Amino acid sequence: MHAIGIDIGGSGIKGAPVDLNTGELAAERFRIPTPEASTPQAVADIVAEVVEHFDLDSTIPVGVTFPAPIIHGVVPWIANLDDSWEGVAVEQLLSERLNRPTLAVNDADAAGYAEVEYGAAKGCTGTVLVTTLGTGIGSALIINEQLVPNTELGHLILPNGKEAEAYASSAVRSKKDLGWSSWAKRLQVVYSQYERLLNPDLFIVGGGVSRKSEKFLPLLDLTAPIRPAALRNTAGIVGAARLAADTL
Ligand code: BGC
């Protein structure tokens with residue numbers, strides 16, 4: 001069985017059909033750069049172009065990730081995409097534009113769901129906190145393999161008064177040209193706080209930089225184990241596709 005996953009990010013809109021038995025992409029990923037003015041209409045047009053690229057049956061569901069919370073299909077606010085998304089009923093907009101069953105989901109929640117179904121959180125009981133380190137910090141809280149959506153822990157205010165993602169995202173590491181150990185010190189502040197508040201049994205770290213996890217994860221001192229995500233840049237696509245198939 002297949003479903004289509006689309007990942008909307010600050011720099012690119014990427015998608016592919018997903019083989020739901022294996023969690024692997026069933027065709028090569030197709031990517032279009034996110035338009036400069038990433039308004040709902042402009043993004044919806046590109047999502048449609050990505051979906052149509054695969055020429056698949058119109059009954060196949062589509063899961064779309066967003067870098068924002070999605071509350072019952074609506075974007076309440078958004079940090080890293082055009083402000084005009086605020087209040088948009090994104091699920092309705094996209095299902096009408098695509099003319100297919102369409103589900104919208106927060107990007108980190110999609111990645112977390114993919115880790116539960118196919119990756120590093122598969123079969124894990126207890127509390128797992130999946131975080132994605134990228135432009136922002138995304139979070140997916142999973143309890144006994146059930147996703148608790150829209151946790152938004154990247155916006156937690158740290159004891160030093162700074163917001164977690166403004167202090168320690170992967171984008172901040174690049175912008176400030178931080179070395180691995182300086183960045184790990186910032187991550188330590190963030191993850192210590194997550195640990196104090198949630199006491200997870202396991203941390204999983206995704207996002208592009210998790211490819212280099214051996215450079216910074218061993219520097220962190222936490223009670224719970226902290227491991228890299230198993231799915232790399234396909235996690236959002238795979239999780240959104242699977243969630244669409246499981247939900248719609
Ligand atoms: C957004 C989250 C998103 C994360 C990663 C944050 O700024 O508020 O919804 O999951 O960035 O993209």
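Which elements each supply at least two residues of the lining of the second largest pocket? I looked, and they are β6 (102-106), α3, β9 (146-148) and α7. Helices here are DSSP runs of H or I with at least four residues, strands are runs of E with at least two, and both are numbered from the N terminus.

Ground rules I noted: this is a predicted model, where local features need pLDDT of at least 70, side-chain atom pairs count only at pLDDT 80 or more, and totals for chains, interfaces and linings use all residues. Residues are numbered from 1 along each chain, and side-chain values use heavy atoms, with hydrogens and water left out.

Back to that second pocket. I found β6 giving the largest share of its lining, 4 residues. A pocket, on a 1 Å grid over the protein atoms alone, is an open set of points where a 1.4 Å probe fits, with protein on both sides within 12 Å along at least five of seven lines; lining residues have an atom within 4 Å of a point.

Next, the ligand. I counted 14 residues around the ligand, with Asn106, Asp107, Glu152, His155 and Glu165 the closest; being near takes a heavy atom within 4 Å.

Then I checked polar contacts (N or O pairs within 3.5 Å). A ligand oxygen is 2.5 Å from a polar side-chain atom of Glu152, and one is 2.9 Å from an N or O atom in the Asn106 side chain. A polar backbone atom of Ala68 lies 3.2 Å from a ligand oxygen.

Last entry: I saw that α3 gives the most to the lining of the largest pocket, 4 residues.

Key. A polar contact is a pair of N or O atoms within 3.5 Å; within protein, one must be able to donate a hydrogen and the other to accept it, and residues adjacent in sequence count only if both atoms are side-chain atoms.
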